[in-house]
Amino acid sequence: MLALDVLDEKNALKIAEETCEYIDSIKIGYPLVLGTDLKIIEKIKNLTGKEVICDFKVADIPSTNEKIAELTLNYADGIICQGFVGKDSVSAILNIARKKNKKVIVVTEMSHPGATEYLKNVANDMADMAKNLKVDGIVAPSTRVERLKELKKIVGDLFIISPGVGAQGGDLKEVLNVLDENDYVIIGRAIYESENPKESAKNYKMQISTF
Ligand code: 3DU
């Protein structure tokens, strides 16, 4: 899953087009949507034929979450929300997504060092909640493989999307040892900031498919 966190349309579409034969899905977030607008999603989808997931890490009360999900899922194939806001807020998003036949992915433990201060302590409970609500997937860290393993065990057949390989230092092989074919490795800067994004994406694809 390519994390396309560039800021302008021209660059985003160029990288998306160059790399799309080597990726399965595209994740965009505030950087690109605030730098352009939500219609960038349609443009990426038309150009690449790939699904686009919006990483807005939505974290509000149920009624506000609902509004954000409604607008986002008019365009995107899925939306990422925070789990720490509780099951009423996550359910509000899930209700909208189910009506539109779109995906909901819940953040459990994030991949950066600060996630060990607070999030890590409640991540297993959030994974449990995600499983009970029957969302589609969770976000879990490639930077702490033992935690990735534990969270995967909790969510069972929900898929995992896992950031942290590349710029954040996660080890691809260790991560692939834990994930299965329904899961996704998220890679951003190691592709879009490389001198040749197409080659970088191709290289990751080769490592993943020959693992
Ligand atoms: O570090 P990278 O450049 O490969 O990008 C990782 C992407 O995943 C980026 O969009 C970031 O916002 C997102 N993400 C995390 O890095 C960590 C999380 O726990 C959740 C999302």
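How many nonpolar, polar and charged residues are in the shell around the ligand? By class, there are seven nonpolar, three polar and five charged ones. Here Ala, Val, Leu, Ile, Met, Phe, Trp, Tyr, Cys and Pro count as nonpolar, Asp, Glu, Lys and Arg as charged, and the others, Gly among them, as polar.

Before the close-ups, a word on the model. This is a predicted model, in which local features need pLDDT of at least 70 and side-chain atom pairs count only at pLDDT 80 or more, while totals for chains, interfaces and linings use all residues. Residues are numbered from 1 along each chain as its sequence is written, and side-chain values use heavy atoms, with hydrogens and water left out.

View 1. The protein chain averages a pLDDT (the predictor's confidence in each residue, from 0 to 100) of 98, and 100% of the residues score at least 70. For the model, ipTM is 0.98 and pTM is 0.98. An unreviewed UniProt entry lists residues 1-204 as "domain: Orotidine 5'-phosphate decarboxylase"; such annotations may be inferred rather than shown by experiment, and their positions follow the numbering used here, with feature names shortened. That span is 47% helix and 18% strand, and its end C-alpha atoms lie 11 Å apart. Helices (H or I, at least four residues) and strands (E, at least two) are DSSP runs, numbered from the N terminus.

View 2. Look for 15 residues around the ligand, with Asp-5, Lys-27, Gln-168, Gly-188 and Arg-189 coming nearest. A residue is near when one of its heavy atoms lies within 4 Å. Lys-27 puts a polar side-chain atom 2.7 Å from a ligand oxygen, and Arg-189 also has a polar side-chain atom 2.7 Å from an oxygen atom of the ligand. With Gly-188 it's a polar backbone atom, 2.8 Å from an oxygen atom of the ligand. Taken alone the ligand exposes 460 Å², and the protein buries 87% of that (areas by the Shrake-Rupley method with a 1.4 Å probe; for residues, only the protein chains shown count as cover).

**View 3. The annotated active site, with a look at Asp-55.** The "active site" annotation in the unreviewed UniProt entry covers Asp-55, Lys-57 and Asp-60. Asp-55 sits in strand E3, residues 51-58. Is Asp-55 buried or exposed? Its relative accessible area is 8%, so Asp-55 counts as buried (buried means under 20% relative accessible area, exposed over 50%, partly exposed in between, with a 1.4 Å probe and protein chains only).

**View 4. Asp-77 and its partner Lys-45.** Find Asp-77 in the loop between helix H4 (62-72) and strand E4 (78-82). Asp-77 counts as buried because its relative accessibility is 18%. A polar contact of 2.6 Å joins its side chain to that of Lys-45 (a polar contact is a pair of N or O atoms within 3.5 Å; within protein, one must be able to donate a hydrogen and the other to accept it, and residues adjacent in sequence count only if both atoms are side-chain atoms).

**View 5. Two loop residues with positive phi.** Asn-101 isn't a glycine, yet has a positive phi of about 60°. Its loop runs between helix H5 (87-100) and strand E5 (103-107), and at 72% relative accessibility Asn-101 is exposed. Lys-134, not a glycine either, has a positive phi of about 60°. Lys-134 lies in the loop between helix H6 (119-133) and strand E6 (137-139) and is exposed, at 62%.
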